[in-house]
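Hi,

Here is the structure I promised to pass on. Have a look at it first, and then read my notes below.

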Amino acid sequence: MSNKNKNDEEAQESITPIGELDQLRQIVFGDAQQQLITQLTTLRSDMEQALNEQDKKFSIRLDKMQIDISQQLENLEKQVNFVDKRHDDNEESMQKDHTSLASEYEMFTVATQQDFKDIEQSLNSESAVLSNGFNEQLEQLKNHLEAVSKELSSSKTDRKTLAKLLATMATNLADDQL
């Protein structure tokens, strides 16, 4: 028996307090611990799988969002280019209109100045014609008055006849002026 005691002592010496604690833990919690480890492993596997799926979904959504943003940017750029082109066309049209209006204004100014000169010349010539006409009529009237005066001086007409003659001449002058 001494061999047996020796073997037991050696077996007990080889078992350390930490090893005993592990053995006790295994006896008391063995199945529950194994179930927890299995559940944790399964949970970890499920979590990794769910994260991988979420990562794929997120990547797909991110790619779709990038495509949508690219398309919207292209559409926006097209609209901006269209508006910019229309603005340039409007500006060019306005510039042409401005140039055309400036040219027309210049031509109108020159034509108006020429018209004023023509009207002034026409008025001057009409004024000269009227002035000459009035001077001729005045000269004729003077000549007629002198002739009548000489006739009256030579014929010694009475004053009543002279007054009638002057009244008739005044009436004739008034009619000529109209």
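Lys96 and Glu92 are four residues apart in helix H2, so about one helical turn separates them. Keep in mind that this is a predicted model. These two residues form a salt bridge, and the closest N and O atoms of Lys96 and Glu92 are 3.5 Å apart. Is each partner buried or exposed? Lys96 counts as exposed because its relative accessible area is 53%, and the cut-off for that word is over 50%. Glu92 has a relative accessible area of 44%, so Glu92 is partly exposed.

How many salt bridges does the structure hold? There are three, so let me walk you through the others, too.

Asp89 is partly exposed, because its relative accessibility is 35%.

Then there's Arg44, which pairs with Glu48 in a salt bridge; here the closest N and O atoms are 3.3 Å apart. Again, Arg44 and Glu48 both belong to helix H2 and are four residues apart, about one turn of the helix. Arg44 has 58% relative accessibility, so Arg44 counts as exposed. Glu48, at 42% relative accessibility, counts as partly exposed.

Now zoom out to the whole chain. The protein chain has three helices and zero strands, and from the N terminus on its elements run α-α-α. Helix H2 covers residues 17–155. Of the 178 residues in the chain, buried ones make up 2%. The accessible surface of the chain is about 16,700 Å², and 56% of that belongs to carbon and sulfur atoms.

Next, the surface. Which residues make the nonpolar patch of about 660 Å²? They are Phe58, Leu62, Met65, Ile69, Leu73, Leu76 and Val80. Leu76 has 47% relative accessibility, so Leu76 counts as partly exposed. A residue needs over 30% relative accessible area to join a patch.

Rolling a probe the size of a water molecule over the atoms shows where empty space is left. The largest pocket has a volume of about 270 Å³. Two elements each give two or more residues to its lining: H2 and helix H3, which spans 159–177. H2 provides the largest share of the lining, six residues. If you want to pick the lining out yourself, select Phe134, Gln137, Leu138, Gln140, Leu141, His144, Met169, Asn172, Leu173, Asp176 and Gln177. What classes do these lining residues fall into? Five are nonpolar, five are polar and one is charged.

That's what I have for now.

Cheers

How values were computed
Residues numbered from 1 in each chain as written. Predicted model: local features only at pLDDT ≥ 70, side-chain atom pairs only at ≥ 80, totals over all residues. Heavy atoms only, no water. Patch = residues over 30% accessible without salt bridge, like charges linked within 9 Å, V, L, I, M, F, W, Y side chains within 5 Å. Areas by Shrake-Rupley, 256 points an atom, 1.4 Å probe, with all protein chains shown as cover. Salt bridge = Lys/Arg side-chain N within 4 Å of Asp/Glu carboxyl O. Buried < 20%, exposed > 50% of the residue type's maximum accessible area, 1.4 Å probe, protein only. 1 Å grid on protein atoms, 1.4 Å probe; cavity = no way out; pocket = protein on both sides within 12 Å on 5 of 7 lines; lining within 4 Å. Points joined across faces, edges and corners; volume = space filled by probe spheres on them. Nonpolar A, V, L, I, M, F, W, Y, C, P; charged D, E, K, R; others polar.
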